[in-house]
Amino acid sequence: MTDYALIQSFERLFKPIRSRISNLIQRGIIHRVVESGLQVSLGEEDTQENIHHSQHFGFASRPPTSSEVLILFPNGERRTGFGVSSASVKGCPVALKDGESAQYNDEGSSIALRNGGKLEIKNRENELISTICELADKVDSMSAYLVNTGTCPSGACTFLRPKVELSSVIKKLQSFRN
């Protein structure tokens with residue numbers, strides 16, 4: 001047997017193994033997300049249906065169309081795939097430093113866990129932050145009038161407290177529930 005024939009024999013022998021190894025992990029583009037899974041293209045003519053969208057406990061997401069996804073195929077077989085990571089082509093809208101993390105959506109809302117124990121909550125117009133700050137200011141102004149209830153030397157005491165209008169702030173906060 002010649003060297004060339006020997007090499008070709010080894011190539012035929014290892015071709016299925018090489019194919020399975022190269023198919024273990026694939027990068028794809030999400031075309032559609034449904035309850036049963038993801039529809040993903042892995043190349044120009046290779047579209048996979050019902051790729052299981054594996055997610056971390058306590059977190060759920062529905063990646064937008066055209067997001068990239070990393071897919072694992074156990075044993076290198078394309079029958080059953082698991083999407084284990086997805087990322088929007090827009091990228092994370094939150095600038096992060098080492099050790100920080102964020103959760104965000106494609107409309108600009110985000111929650112960032114910052115270094116130093118700080119929490120940052122934002123939406124498109126920062127409405128939630130300004131509403132919470134307004135509420136905090138009003139509650140703070142009320143604290144000057146809080147008293148320790150007790151008995152006065154002459155008997156029961158009655159304190160008049162100024163009315164602080166919170167209905168507009170409460171209405172704004174309730175709008176964030178929807």
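Predicted model: local features only at pLDDT ≥ 70, side-chain atom pairs only at ≥ 80, totals over all residues.
The secondary structure of the protein comprises three helices and 10 strands. Read from the N terminus, the elements follow the order α-β-β-β-β-β-β-β-β-α-β-β-α. Of the 178 residues in the protein, 17% are buried.

The largest nonpolar core consists of nine residues, namely Ile-30, Val-33, Leu-38, Val-40, Leu-42, Ile-51, Val-69, Ile-71 and Phe-73. At least two residues of this core come from each of strand E1 (25-34), strand E2 (37-41) and strand E4 (68-72). One member of the core, Ile-71, is in contact with Val-40, Leu-42 and Ile-51, among other residues beyond its neighbours within four places in sequence. The contacts of Ile-71 also include Leu-24, Ile-25 and Gln-26, as well as Gly-81, Phe-82 and Gly-83.

Gly-81 is placed in the loop between E4 and E5. Its relative accessible area is 5%, so Gly-81 is classed as buried, the cut-off for that class being under 20%. When residues up to four places away in sequence are not counted, Gly-81 touches Ile-51, His-52, Ile-71, Leu-72 and Phe-73. Three of these residues, Ile-51, Ile-71 and Phe-73, are listed in the largest nonpolar core. The C-alpha atoms of Gly-81 and Leu-70 are 9.9 Å apart in space, and the two residues are 11 residues apart in sequence.

Strand E1 also contains Arg-27. Leaving aside neighbours within four places in sequence, Arg-27 is in contact with Leu-42, Glu-68 and Val-69; of these, Leu-42 and Val-69 are listed in the largest nonpolar core. Arg-27 and Ser-85 are 58 residues apart in sequence, with a C-alpha to C-alpha distance of 9.8 Å.

Positive phi values in residues other than glycine were examined next. Asn-50, in strand E3 (residues 47-53), has a phi near 55°, a positive value in a residue other than glycine. Ser-66, in the loop between E3 and E4, likewise has a positive phi, near 80°. Asn-50 has a relative accessibility of 48% and therefore counts as partly exposed. Ser-66 is also partly exposed, with a relative accessibility of 37%.

The largest pocket has a volume of about 850 Å³. Its lining is formed by 28 residues, of which Ala-60, Ser-61, Ser-86, Gln-103 and Tyr-104 are the closest to the pocket centre. Two or more lining residues are given by each of strand E5 (82-87), strand E6 (101-104) and strand E7 (110-114). Strand E5 gives the most to this lining, with five residues. By class, the lining of the largest pocket contains 14 polar, 11 nonpolar and three charged residues.

Key. Residues numbered from 1 in each chain as written. Heavy atoms only, no water. Helix = DSSP H or I, 4+ residues; strand = E, 2+ residues; numbered from the N terminus. Buried < 20%, exposed > 50% of the residue type's maximum accessible area, 1.4 Å probe, protein only. 1 Å grid on protein atoms, 1.4 Å probe; cavity = no way out; pocket = protein on both sides within 12 Å on 5 of 7 lines; lining within 4 Å. Points joined across faces, edges and corners; volume = space filled by probe spheres on them. Nonpolar A, V, L, I, M, F, W, Y, C, P; charged D, E, K, R; others polar. Core = buried A, V, L, I, M, F, W, Y, C linked by side-chain atoms within 4.5 Å. Contact = heavy atoms within 4.5 Å.
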